Amino acid sequence: MAITDIIQKLILLVVGLFFAAAVIMIFFRSKNVNASERTQIFKTAEYFNAGLVLLCFVATMIYGGFNHFELRKSASAIVSLNYSEASQALNSNGTRYNMAEIICDEVIEKAIEKGALEDVTVNDLKKCLSVSPSVQGGVGDESEYHISTEFSIGYSATKDTDHLDSENVIQLVTTAYKEYYIEKYTDNFSLDPQKPDFSKMEYMDIVSYLDKEAQAVLNYLYGMAEKGQSFVTENGSTFNSIAGKVHQFKQTQINQNLSSLVLQNGIVRNKSGYIDRLVYQNKNVDFDRQKNDASYKLCNQAIDMYSEEMTRIVLVPTWDQSGKYYMGRTKVGVDELSVMATNFSDYVASNEKSIMDNKLIMDKISAANGTAEHASSADALIDSIYDRIKAFEKEAITIGREYSRHKMNQCVAINVYGVSVIDELKTLVIFALFAYVTFVLYKIAKKFPKKA
């Protein structure tokens, strides 16, 4: 317990003892006088005395000073969830909401790092924090059911944390929680964190890998662009503008420069092994092509079996939302077969393209002999492309989190409450009245005779 807390309670205890002593003295000594004498003592007592006012003022100021120091050790905040899923006790991504995460270890650790708080550990700070629903529901009756969307966070300093500013601490914790929430429950994106060992991969496999990594960045940016079409970052960027840069880079550096360098010079680590693998892949793809081609032909044969009259538009009576009847078109079996035939045709085209691409690679590798100089140039270009993709990834994550932060500022509201001047004044007024009444009663009690 802090020295200020001890002195504050000691002052209150002393005044309380004086009050108790005055009441006890009046109770027992009043038996030594009759009713008229008791009335005369109370009538002639000095209820307004300069000395008592000064004593009360000094006691109140001393108490108020220590009370102020104690109140500054406490602070509170309200976290309000303003998105639709909150009323169902869900996070914005549909997972179950857990209010304990507001003061979890990750949040507290982040708060300590953000505020550069000294001489305090996660456990020390966690002991000072509490969280609870602002409005607590019940389970006794269905009418008492309530899912809270507001949560109260309380902070009360201990001897290990009394050197910290309470309002600063609660502000750091709530800010850290908002960042934690954005990182964990809103749109997030990251590529493979570990750089692959390109020396163990074939060059065309590296081209495919880099192409997929760049496409993953593009997919994320396109998806975010649909959600925040009008969002503009502080530096004037948009999701579409960054996506345009990534797309241009992907087309020129990966699909053209790197791919052309590898193919035209026939750069390969193990020519025979790689060609054998491509031949095996083509056999598997050709098997899929034959299946898709057979399915396509089967659908067409089934369509041909329908008579011309059956494939015409079929109208059936139905009604709209207003209750009026009209003739609506309904589907027949040939519609489904036509869609299936189109899909199988697309599959066949995709299979044939894959086979042709592999044959092109095999022809190029077989016809050319890549030198060590060519391989060195390809390696340097690969490292450069990989670093640039990682830079695009970082830029995409930055703008994504900025958008999420902008969106969550509207969905997660935080209000921090520190020391209330009005509450302090109320406490001082109550203490001053209590102290004055105590001193007046004590002075009156001394006027009663000890013995009859």
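**Exercise 1. Find how many aromatic pairs a search of the whole structure gives, and describe the pair of F231 and Y403.**

Solution. The search of the whole structure finds twelve aromatic pairs, where rings of Phe, Tyr and Trp (its six-membered ring) pair if their centres lie within 6.5 Å, with planes under 30 degrees apart counted as stacked, over 60 as edge-to-face and the rest as tilted. A pair of aromatic rings is described by the distance of the centres and the angle of the planes. For F231 and Y403 the centres are 5.2 Å apart and the planes stand at 70 degrees, which is an edge-to-face pair. F231 lies in the loop between α7 and α8 and Y403 in helix α11 (residues 372-411), so the pair ties together parts that are 172 residues apart in sequence. Helices (H or I, at least four residues) and strands (E, at least two) are DSSP runs, numbered from the N terminus.

This is a predicted model, in which local features need pLDDT of at least 70 and side-chain atom pairs count only at pLDDT 80 or more, while totals for chains, interfaces and linings use all residues. Residues are numbered from 1 along each chain as its sequence is written, and side-chain values use heavy atoms, with hydrogens and water left out.

**Exercise 2. Work out the order of the strands in the open sheet, and explain which strands stand at the edges.**

Solution. Begin with the order, which is β2-β3-β1-β6 with antiparallel pairing; two strands pair if DSSP finds at least two bridges between them. Next, β2 (129-133) and β6 (412-417) each have a single partner strand, so one side of each is left without a neighbour in the sheet. Within the sheet, β1 (residues 74-81) and β3 (residues 150-156) are joined by seven bridges, and S74 has S156 in β3 as its bridge partner.

**Exercise 3. Describe the lining of the largest pocket by its residues and by their classes.**

Solution. A pocket is an open set of points on a 1 Å grid over the protein atoms alone, where a 1.4 Å probe fits, with protein on both sides within 12 Å along at least five of seven lines, and lining residues have an atom within 4 Å of a point. Of the 19 lining residues, M204, S208, D357, N358 and I361 are the closest to the centre of the largest pocket. By class, the lining has seven nonpolar, six polar and six charged residues, with Ala, Val, Leu, Ile, Met, Phe, Trp, Tyr, Cys and Pro counted as nonpolar, Asp, Glu, Lys and Arg as charged, and the others, Gly among them, as polar.
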